[in-house]
Amino acid sequence: MIALDDLAGRVGGRLLRAGDPGWEEAIGIWNGMAATTPALVLQPGSAADVAAGVGFARDHGLPLGVKGGGHHIAGTAIAEGGLVLDLSGRRTVAVDPEARVAHVGPGCRLADVDRATQAHGLATPLGFVSEVGVAGLTLGGGLGYLTRRFGWTVDNLLEAEVVGADGRVRVAGPDRHPDLFWALRGGGGNFGVVTRLSLRLHPVGPDVYGGLIAWPFERAAEVLAAYRELTAAAPRELAVWQLLLPAPPAPFVPAEWHGRRLCGMAVCYSGDLDDTERVLAPIRALGEPLVDLLGRRPYTEVQSYLDDTEPSGRHYYWKTEFLAGLDDELLAGLRELFAACPIPEADLGLLHLGGALNERAGDDGAVGNRDARYVVGVKGMWSPGEPAADRFRKWVRDAGTRLRPFSTGATYVNFQTADEGDGRVRATYGANYERLVEVKRRYDPGNLFRGNRNIRP
Ligand SMILES: Cc1cc2nc3c(=O)[nH]c(=O)nc-3n(C[C@H](O)[C@H](O)[C@H](O)COP(=O)(O)OP(=O)(O)OC[C@H]3O[C@@H](n4cnc5c(N)ncnc54)[C@H](O)[C@@H]3O)c2cc1C
């Protein structure tokens, strides 16, 4: 208690215990299935507060959690029985439009950054669901609709302010602590608590062409074939996510189709809008969509288009793999899996990467995986208390096993579930793994930052 009072006296931020106002929100995370309970939450007001929290956890042997947007599938932000540094309230974004840089607070959601940068017609590559945290997404790599143009989010990271396990505040960039900077570019939260990210911006939009288009699942074979053809020749400005999904009970879906199986595409074309019809010709050639919401709209709208499909607090489980290409067997396997799926709310997806992501050397940042051209994923969601939850989880796990032979051998650290072992972390970093271990030994030899896809020193 004396130690706690001491910490409370040294920080400007809020210290919370169970029952305090704001406690539930502070420990809340997106995946209800992964929820755990810490002993204590510190909501730091500054990097100095973060340093005090880090020192407190280290000196008292407390597990340490770091919460940005709270969206990791494995619920890694919350340390069971430990101290959580809840940065989710630190959501300021400062844009320097002339230098084309955004200085991003550690609790920012994607929407905060997209909104602030789009006010200047600028953007940096971020993910597809606007409530996801920028810090966690960036530290693991970061991919989204603009990845094919501008690479991983970490390819656009210019600098980061980090509080290390020793409590020191460092600014890491290409010329300052370059080893730490290299590791932060994909090595996850293993190296410290990031209190600011500075990201390079590019002219994008503000209008793009995008939205959703879908056909009955019965047409999946030809739609998937068209997807392969489209993505094989797509310009970098085009990113398309292929989904096999149940029709949502939304007004834009004919009522008799609600809950039935669809085969759809989520599209973002950020190039010259006069070229849209030519670029999307393989999609249009399919004809007769059941749902066609493609159109010209603000980039920020496309970025939040899928938000409602994955609401916070439900139970989620998924398996994903990086792919180097799409072969016939994989596409047939996806159709078979979805046709047999027992989970009412499940989807299978293919996300097109490639382009700028493939152009850099494998050791340009810890993130690696420069051979990834697609991500394949299978996801189930259900409500808390679902009686068939164990069966659903097993089905997703088995489906993941079936997809594994098509993998590059790696799966994105930001998508790894709690049951993925250390071997998967190692495989994902490949040749970069040993270098990450060296940097970890230098900056966190006691492995204080272990509540993540862990690099063991
Ligand atoms: C619905 C949904 C959609 C997604 N879509 C995409 C997508 O399109 N593209 C993509 O790349 N990823 C996507 N992801 C994955 C996402 O990148 C990861 O879940 C990421 O960890 C989210 O970051 P967060 O800050 O919200 O998570 P948190 O759970 O808060 O943090 C995850 C981990 O990141 C670390 N961390 C967070 N903040 C900090 C910090 N300030 N300093 C140090 N470490 C920190 C900690 O280790 C923490 O355990 C998605 C996830 C979900 C749930």
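These are my notebook entries on what I looked up in this structure, which is a predicted model.

**Entry 1. The ligand**

I started with the residues around the ligand. I counted 34 of them, and the closest are Gly-70, Thr-76, Phe-128, Leu-143 and Tyr-412.

Next I sorted the shell by residue type. It divides into 17 nonpolar, 15 polar and 2 charged residues.

Then I looked at distances to oxygen atoms of the ligand. For Gly-70, a backbone N or O atom lies 2.7 Å from a ligand oxygen. For Leu-137, a backbone N or O atom is 3.4 Å from an oxygen of the ligand. With Tyr-412 the side chain is involved: an N or O atom there is 2.6 Å from a ligand oxygen. How much of the ligand does the protein bury? On its own the ligand exposes 940 Å², and the protein buries 97% of that.

I also noted which elements give two or more residues to the shell: β3 (64–67), α5 (134–140) and β10 (193–200). Helix α5 gives the most, with 4 residues.

**Entry 2. A sheet of four strands**

I traced an open sheet with 4 strands in the order β1-β2-β4-β3, and its pairing is mixed. Which strands are at the edges? They are β1 (14–16) and β3, each of which pairs on one side only. I noted that neighbouring strands here are turned by 20 degrees against each other on average, with direction ignored.

Strand β2 (residues 40–43) runs parallel to β4 (residues 83–86), and 3 bridges join the two. As one example of facing residues, I wrote down Leu-40, which stands opposite Leu-83 in β4.

I found pairing with two strands. Strand β12 (residues 207–216) pairs with β14 in the antiparallel sense, over 8 bridges. Here I picked out Gly-211, whose bridge partner in β14 is Val-267. Strand β13 (residues 238–246) also pairs with β14 in the antiparallel sense, over 9 bridges. In this pair I noted Leu-238, which stands opposite Tyr-269 in β14.

**Entry 3. Two residues of β17**

I looked at Glu-321, which lies in strand β17 (residues 315–323). Is Glu-321 buried or exposed? Its relative accessible area is 4%, which is under the 20% cut-off, so Glu-321 counts as buried.

I then looked for what the Glu-321 side chain touches. It makes a polar contact with the side chain of Arg-404 at 3.1 Å. It makes another with the side chain of Ser-407 at 2.8 Å.

I found Leu-323 buried, with a relative accessible area of 0%. I also took a distance from Leu-323 to Val-84: the two are 239 residues apart along the chain, and their C-alpha atoms are separated by 35 Å.

**Entry 4. A glycine in a loop**

I checked Gly-368, in the loop between β18 (346–352) and β19 (374–382). Gly-368 is buried, at 5% relative accessible area.

**Entry 5. Backbone angles**

Last, I went through some backbone angles. Which peptide bond did I note as cis? It is the bond from Gly-205 to Pro-206, with omega near 5 degrees. Pro-206 lies in the loop between β11 (202–203) and β12.

I noted Arg-100 for a positive phi near 55 degrees in a residue other than glycine. Arg-100 sits in the loop between β5 (93–96) and β6 (101–104). At 39% relative accessibility, Arg-100 counts as partly exposed.

I noted His-177 too: its phi is positive, about 50 degrees, although His-177 is not a glycine. His-177 is in the loop between β9 (169–172) and α7 (178–184). With 28% relative accessibility, His-177 counts as partly exposed.

Notes. Residues are numbered from 1 along each chain as its sequence is written. This is a predicted model: local features need pLDDT of at least 70, side-chain atom pairs count only at pLDDT 80 or more; totals for chains, interfaces and linings use all residues. Side-chain values use heavy atoms; hydrogens and water are left out. Two strands pair if DSSP finds at least two bridges between them. A residue is near a molecule or strand if one of its heavy atoms lies within 4 Å of it. A polar contact is a pair of N or O atoms within 3.5 Å; within protein, one must be able to donate a hydrogen and the other to accept it, and residues adjacent in sequence count only if both atoms are side-chain atoms. Accessible areas come from the Shrake-Rupley method with a 1.4 Å probe; for residues, only the protein chains shown count as cover. Ala, Val, Leu, Ile, Met, Phe, Trp, Tyr, Cys and Pro count as nonpolar, Asp, Glu, Lys and Arg as charged, and the others, Gly among them, as polar. Axes are lines fitted to C-alpha atoms, for helices over the stretch in contact, and angles run from 0 to 180 degrees between N-to-C directions. Buried means under 20% relative accessible area, exposed over 50%, partly exposed in between (1.4 Å probe, protein chains only).
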